[in-house]
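Have a look at the structure below before reading on. We'll go through it piece by piece, in plain words.

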Amino acid sequence: MDNKSLEMLEFPRIREILAGYTSFSASRELAENLQPQYDYEEISLLLRQTAEARQLLGLERGFSIGNVLDVREKARLAALEGILEPLSLLEIQQTLAALHEVRRYLKNISEDFPLLWEIAGGIVELRQIEKDIASCLDPAGEVLDTASPALADIRRQLRETRGQILEKLETIVRSPRGNRILQEDIITEREGRYVILVKMESRHEIKGIVHDISNTGATVFMEPTVTVGLGNAIRELVIEERREIDRILRLLSAEVGAHSDDISRSIELAAELDLVLAKARYARRIKAVEPVIINPAREKDKTRNNAGYLHLVDARHPLLGDKAVPFSVGLGDDFSIIIITGPNTGGKTVTLKTIGLLSLMAQAGMPIPASGESHLPLFDGVFTDIGDEQSIEQTLSTFSWHIGNVVRIIRGATGKSLVLLDELGTSTDPAEGSALARAVLQYFLARGTLTVATTHYSDLKAFAHTTPGLENASLEFDPETLTPTYHLTVGIPGGSNAMATAARLGIPAEIIDNARSMLTEGSQELETLLATLMAEKQKIASLQRELAAERDELARHNTDLNSELERLKTEERKAIQEARDTIVREAAELHKEIRQATAELRKEKSAARTEQARRTLAGVREQLDSEAWQPRAGEKTEADAGIIEVGDTVQVKEAGLLATVLSISEESGEIEVQSGRTKMRLGLDSVVKTTAPQDRTASSAGIQPVVRRVPLELDLRGKRADEVEVALDTYLNDAAQSNIAEARIIHGIGTGTVRSIVRDFLASHPLVKSFRTAERDEGGDGATVVSL
């Protein structure tokens, strides 16, 4: 990338702000040296990493790499057999602990954040070094007694020897002679030796070594002879302590040095991870998102040779904060050059800088303050001519400086570059400057270089209007307030509004009026036309906003109606369900009456009992034939498939035989069937409709029992109340014929309706010896065990 253009677009300022979001010096260095890239895969990876980091910070806003420090130089020093200071070792221990914690955390969430884990996964865990340093040094950097047995022994001896010295000195201090010869009854140190404060005139009354004299000369700091030997012993122990501490620090340093490369690599990965987090934090601050980067490989399939299609939606300059006015612009599809016109101080230069700066940020792997719909191509260079750096010392005029920049751009730009030209052809004769500007734009047009230029020349507006591949754009100017709105409009040229701007900035009205009178009639008509167009455009925009508001209101109303409709449907389904539940309960009661009637018939065959049972059955049938039990129009019931008619094949439940229906008596509820040569009359509830067997010769030869395998359990879950008794009675008959002594009936728990039906039926069935609730491992309350 062109460094001069980076400075003009204020990319170094972006890097400086980004560095402020990093956590330690290594990542700060990466941020300060951040450069736009040109590799599609690398840029895509950087943007996806930042997207993951933004998602992670959204879930845990305070996440960071912790107390990581850049200890690479210390590790390299240790690798050269240098002895590290205790505080340096503590910094390494603290850094390793923080690295381990970051690695552990990201490993736990690696499935959701694989790209961040891909970075953190390379961090080397050196827990032994961390443990060894922590066991040898306290948080203040002092070597612990437990660092080695030798050090512990030396320090024990030191404590004992100091205790002996203090004891002897205390004896002197508290003695009568001490009260007489001592200046003060305290014990202190001089040059690492314990001394007492003796009066100058009494110094010859006690033997010892004088280590110091007070400033007044009245006190002598003396080490009594009785403690000299112990003091020498302390000096020797201190030297031994120092040597042992050096040995311990040397061992710890050697351990660090042996893993210098691993430590340095882990720091680099931590810096890379922290930079990604810094990009995410900065993105949250400026409300930035990752743009879509156009893959150059796909662009090769297209006929044009330029960098691709640039499309920014609601783009904002990142350095303007809340003052930035968003704009949208497209470039590279129907046209490759845009000429922006508009009022002075209207935002033309800011627009140029925004386009260039956002392109640089995206190629540096940074989110941009724009909509996620924004698309950006890969540029091999972003070249700009913005500003004015004229120099008297270098005899460099404004025009010369601009031309020098244009020369630099022409030499460096290709068909895959982005060129930004501010006030092209200015600071010279308007006619020559306009001609030169048109020639430069034609040069870039021929090479397919995406270009954005600003101007005040009317000739360039006409040139853009008549030349294919060029397009006008303007920054709006409010004709009522005579102030710029900073809104960009593509397709319409804008007026310079120099008179209105000059008046707004303080030029007296008489000068403005005089200047207007000097304008040619054509110029005045053009400015009036542009002002009228802008006013009409603003009216249309206002109307569009009103229509959009009405559309949104209708959409909200439609949503409310749909919600109310859904609520009503839910209530309807609830009411239907409640009605069905009520019918199920009533059905259970009806079936209970049926079972009671059946039981009475089985127990007592008297005419009175039979008549009573028939009346009960008739009442039940009447209720079952009522409207509540009839299916809705168009609905089919499972019972339709089970209607028995003359000629149907049925199965006799108790005998398990197949038979053909000869006649049916609705009044008595009986059916006449024939199985082989045998005819029999049975109750309708003693048979069940079935399909005819494939081999009819076998059935006509005689009575052939149906052989079947009967399971040890019957599952009634999901069956309706009116199906339970039939299925249970059939199963009990089959089980009895198969000599099954005990069976399990699975009815589930639910509301208890099916369970009640089952147990009531079992209580009166002639094949049932007894039944009980199943054990916990057999199904508990959801099953009943039957003994046959």
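What pLDDT does the protein chain average, and what share of the residues score at least 70? The average is 83, and 82% of the residues score at least 70; pLDDT is the predictor's confidence in each residue, from 0 to 100. This is a predicted model, where local features need pLDDT of at least 70 and side-chain atom pairs count only at pLDDT 80 or more, while totals for chains, interfaces and linings use all residues. Residues are numbered from 1 along each chain as its sequence is written, and side-chain values use heavy atoms, with hydrogens and water left out.

**The inside**

Now for the nonpolar cores. A nonpolar core is a set of buried Ala, Val, Leu, Ile, Met, Phe, Trp, Tyr and Cys residues joined through side-chain atoms within 4.5 Å. Buried means under 20% relative accessible area, exposed means over 50%, and partly exposed is in between (1.4 Å probe, protein chains only).

The largest nonpolar core has 50 residues, and Leu-310, Leu-312, Ile-355 and Met-361 have the most contacts inside it. Helix α14 (residues 348–363) gives the most to this core, 7 residues. Helices (H or I, at least four residues) and strands (E, at least two) are DSSP runs, numbered from the N terminus. What does Ile-355 touch, leaving aside its neighbours within four places in sequence? Its contacts are Leu-310, Leu-312, Phe-327, Val-329, Leu-418, Leu-420 and Val-452. Apart from this core lies another one, of 49 residues, including Leu-116 and Trp-117.

**A sheet**

Strands of a sheet pair through backbone hydrogen bonds, either parallel or antiparallel. Here, 5 strands form an open sheet in the order β18-β17-β16-β15-β19, with antiparallel pairing. Two strands count as paired if DSSP finds at least two bridges between them. The edge strands, β18 (678–683) and β19 (687–690), each pair on one side only. Strand β17 (residues 670–675) pairs with β18 over 6 bridges, and Val-673 has Met-680 in β18 as its bridge partner.

**Charged pairs**

Side chains of opposite charge can pair when their charged atoms come close. The whole structure holds 34 salt bridges, each a side-chain nitrogen of Lys or Arg within 4 Å of a carboxyl oxygen of Asp or Glu. Here are a few of them:

| Pair | Closest N and O atoms |
|---|---|
| Glu-16 and Arg-13 | 3.2 Å |
| Glu-125 and Arg-103 | 3.5 Å |

How are Glu-16 and Arg-13 placed in helix α2? They are about one helical turn from each other, because they sit 3 residues apart in helix α2 (residues 11–19). Arg-13 is partly exposed, at 39% relative accessibility.

Glu-125 lies in the loop between α7 (114–120) and α8 (127–136) and Arg-103 in helix α6 (residues 86–108), so this pair ties together parts 22 residues apart in sequence. Arg-103 is buried, at 16%, whereas Glu-125 is partly exposed, at 36%.

Arg-180 belongs to helix α10 (residues 176–181) and Glu-205 to the loop between β2 (193–199) and β3 (208–213), so their bridge links parts 25 residues apart in sequence. Arg-180 is partly exposed, at 46% relative accessibility, and Glu-205 is partly exposed too, at 36%. Elsewhere, salt bridges that share partners join Asp-145, Arg-155, Arg-159 and Glu-241 into one network.

Methods:
Contact = heavy atoms within 4.5 Å.
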